Amino acid sequence: MDKPGRRWYEVRAVLYGASALGSFLALASYDPFDPSLNAVASLGQPGNLMGRVGSYSADLLFQIFGVTAFLIPVVLGYLTVKHIRSLAIESPRARLMGVATLGVALMSGLALLPVIAEHNGPRVALLLRWQWRGAIPGGGFLGRMIAGALLHLFNLTGTLVLLALVLMG
């Protein structure tokens with residue numbers, strides 16, 4: 001006999017799994033020439049595997065979070081596995097804070113790459129000035145805002161030390 005709530009866990013697992021797969025496909029197949037909120041494109045079908053919804057949502061997520069947006073399908077995949085196994089998430093608030101802290105540190109660190117590139121030679125600058133699909137800077141809007149605030153408070157060295165400490169845990 002199924003224990004109470006088993007079906008509800010299964011329904012949520014399917015929803016989380018579909019969301020994880022859909023968000024991953026939308027982000028992975030992002031094309032800067034697809035229609036989005038800040039790009040005009042033809043009325044034809046976009047190249048994004050999730051269609052127009054995927055095109056718009058991927059662009060919005062990348063603009064806000066940068067490459068750190070890929071944490072969204074990872075977290076949804078984690079929730080899928082937990083719900084498939086009918087396991088409760090231990091300390092959900094602490095886990096949410098941990099994922100948020102990781103996301104903020106990654107966004108800030110990725111947004112700092114161009115700043116670090118300015119202080120190094122041209123070879124390093126080429127490496128550190130990469131963009132996702134040639135259009136999206138690594139840290140996104142939030143990463144640039146947080147990195148700017150950290151640079152204002154701690155300068156470059158202090159900011160890098162702080163982010164390294166946060167990422168080490």
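Contact here means heavy atoms within 4.5 Å. Helices (H or I, at least four residues) and strands (E, at least two) are DSSP runs, numbered from the N terminus.

A word on the source. This is a predicted model, where local features need pLDDT of at least 70, side-chain atom pairs count only at pLDDT 80 or more, and totals for chains, interfaces and linings use all residues. Residues are numbered from 1 along each chain as its sequence is written, and side-chain values use heavy atoms, with hydrogens and water left out.

Which residues of helix 6 are buried? They are Gly140, Gly143, Ala147, Leu150, Leu156, Thr159 and Leu163. Buried means under 20% relative accessible area, exposed over 50%, and partly exposed in between (1.4 Å probe, protein chains only).

Now the shape. Helix 6 covers residues 140-168 and spans only 22 Å between its end C-alpha atoms. A straight helix of 29 residues would span 42 Å, taking 1.5 Å times one less than the number of residues. Where is the kink in helix 6 centred? On Asn155, at about 110°. That bend is the angle between axes fitted to the seven residues ending there and the seven starting there. Just after helix 6, Gly169 takes a positive phi of about 100°.

Phe141 lies in helix 6. Phe141 counts as partly exposed because its relative accessibility is 44%.

Last, Thr68. Thr68 sits in the loop between helix 2 and helix 3 (71-84). Thr68 is buried, at 9% relative accessible area. Beyond neighbours within four places in sequence, Thr68 contacts Gly103, Leu106, Met107, Leu110 and Gly138.
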